[in-house]
Amino acid sequence: MDMQLKDARVIVTAGASGIGREIVQAFVDEGARVVTCDIDEGALADLSGGVLGLVCDVSDADAAGAFMADAIAYLGGLDALVNNAGIAGPTAGIADIDPHDWARTLDVCLTGHFNITRAAVGALRKSDNASITNMSSAAGRLGFANRAAYAAAKWGVIGFTKSLALELGPDRIRANAILPGLVAGDRQRRVMEARSQAQGKTMAQIEADAFAHVSIKDYVTARQIADQVLMLASPRGRTVSGQAIAVDGDLGMLG
Ligand SMILES: NC(=O)C1=CN([C@@H]2O[C@H](COP(=O)(O)OP(=O)(O)OC[C@H]3O[C@@H](n4cnc5c(N)ncnc54)[C@H](O)[C@@H]3O)[C@@H](O)[C@H]2O)C=CC1
Ligand SMILES: Cc1ncc2c(c1O)C(=O)OC2
């Protein structure tokens with residue numbers, strides 16, 4: 001299927017590694033023009049495919065504004081914005097969460113989406129295929145014991161997204177959130193290894209525990225997240241807005 005994204009002007013945040021990197025590559029493979037930002041300068045330097053990668057911490061409102069101005073000028077406009085940046089936040093019981101860690105999690109995962117989006121709306125209004133796709137999480141529709149800051153931020157992303165869809169829909173800008181589940185990769189492996197240590201169980205047992213509450217008993221791949229992003233950014237996704245789309249094999253419980 002032709003996703004009709006050739007020469008589309010795309011900005012993806014946190015594209016130097018993980019899911020963001022896969023999203024960047026998926027757009028490049030469709031012939032889109034992509035700019036990304038990240039705080040990891042080394043990983044940015046290693047991007048290929050003609051992608052412009054700039055250093056920017058999305059939680060810094062001034063830096064985000066400057067990055068967006070540069071990126072939009074470079075692309076000559078903007079069709080698709082993908083707010084992907086996020087951090088895991090503290091793993092701790094509610095009484096043990098450091099207030100600074102709480103604030104940092106909200107700043108990156110939620111306020112970062114706001115800082116970038118506010119600087120994108122003017123350019124998106126001029127596009128004939130404008131979309132905003134925000135990365136939330138299964139933790140944006142479920143509770144997550146010992147990860148309250150992360151869950152609060154990711155639920156916040158849903159409220160932000162639904163408000164954008166209502167406000168910007170009349171201008172033909174659509175806004176959706178994607179909620180990944182257990183995504184194969186370094187982040188997931190680190191968490192499983194920590195649990196294995198803490199609970200004195202083998203990795204196989206820890207994985208069996210995690211998948212007990214998932215209908216499709218397999219990790220989601222970053223590529224499957226990227227495919228969903230492509231569909232939402234494509235003119236083929238033109239009637240989909242205001243949705244919170246779980247890409248998680250029907251995950252029913254976290255932790
Ligand atoms: N991996 C998973 O299982 C899941 C991930 N997600 C979400 O998907 C998104 C991407 O996650 P992953 O690729 O797994 O993470 P990752 O940790 O593998 O990569 C995240 C990237 O974000 C960059 N980054 C971190 N803070 C930043 C900031 N303040 N400004 C700019 N860039 C920053 C990092 O340098 C890194 O390149 C996040 O929003 C995450 O919450 C959601 C559900 C599951
Ligand atoms: C470590 C870890 N495990 C499960 C999940 C996430 C995560 O970061 C997430 O963001 O949504 C589900």
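The shell around ligand 2 holds 6 nonpolar, 3 polar and 1 charged residues. This is a predicted model. The residues surrounding ligand 2 are Ala88, Ser137, Ala138, Ala139, Gly181, Leu182, Arg187, Gln188, Val191 and Leu254.

Now take ligand 1. Its shell counts 30 residues, and Ala14, Gly18, Ile19, Gly86 and Val183 come nearest. Sorted by class, that shell splits into 14 nonpolar, 11 polar and 5 charged residues. Which elements each supply at least two residues of the shell around ligand 1? They are α1 (18–29), β2, α4 and α7 (186–199).

Next comes the sheet. It is open, with 7 strands in the order β3-β2-β1-β4-β5-β6-β7, and the pairing is parallel. β3 (52–55) and β7 (244–247) are the edge strands, each pairing on one side only. On average, neighbouring strands are turned by 20° against each other, direction ignored. Helix α4 (residues 99–118) packs on this sheet and touches β1, β4 (80–83) and β5 (130–135). The direction of α4 makes about 160° with that of β4. Strands of a sheet pair through backbone hydrogen bonds, in either a parallel or an antiparallel sense.

The individual pairings can be followed strand by strand. Strand β1 (residues 9–13) runs parallel to strand β2 (residues 33–38), and 5 bridges join them. Arginine 9 has arginine 33 as its bridge partner in β2. β4 and β5 also run parallel, joined by 4 bridges. On to strand β6 (residues 173–180): β5 pairs with β6 in the parallel sense over 6 bridges. The bridge partner of threonine 133 in β6 is asparagine 176.

Stay with β5 for a moment. Why is β5 largely enclosed by the rest of the structure? Because 6 of the 6 residues of β5 are buried. Ala130, Ile132 and Asn134 point one way from the strand. Ser131, Thr133 and Met135 point the other way, and all of these residues are buried.

Is valine 35 buried or exposed? It counts as buried, because it has 23 C-beta neighbours inside 10 Å, and the cut-off for burial is 20 or more. Leaving aside neighbours within four places in sequence, valine 35 is in contact with Ile11, Leu52, Ala71, Tyr74 and Leu75. Glycine 20 lies 15 residues from valine 35 along the chain, and their C-alpha atoms are separated by 11 Å.

The largest nonpolar core has 75 residues, of which Ile23, Leu81 and Val229 touch the most other members. Helix α6 (residues 148–168) gives the largest share of this core, 8 residues. Valine 229 is worth a look on screen. Beyond its neighbours within four places in sequence, valine 229 is in contact with Ile23, Val82, Thr133 and Ile178.

Definitions and conventions: Residues numbered from 1 in each chain as written. Chains lettered and ligands numbered in written order. Predicted model: local features only at pLDDT ≥ 70, side-chain atom pairs only at ≥ 80, totals over all residues. Core = buried A, V, L, I, M, F, W, Y, C linked by C-beta atoms within 7 Å. Buried ≥ 20, exposed ≤ 12 C-beta atoms within 10 Å, placed from the backbone. Contact = placed C-beta atoms within 7 Å. Pairing = 2+ DSSP bridges. Axes fitted to C-alpha atoms, helices over the stretch in contact; angles between N-to-C directions. Near = placed C-beta within 6 Å. Nonpolar A, V, L, I, M, F, W, Y, C, P; charged D, E, K, R; others polar.
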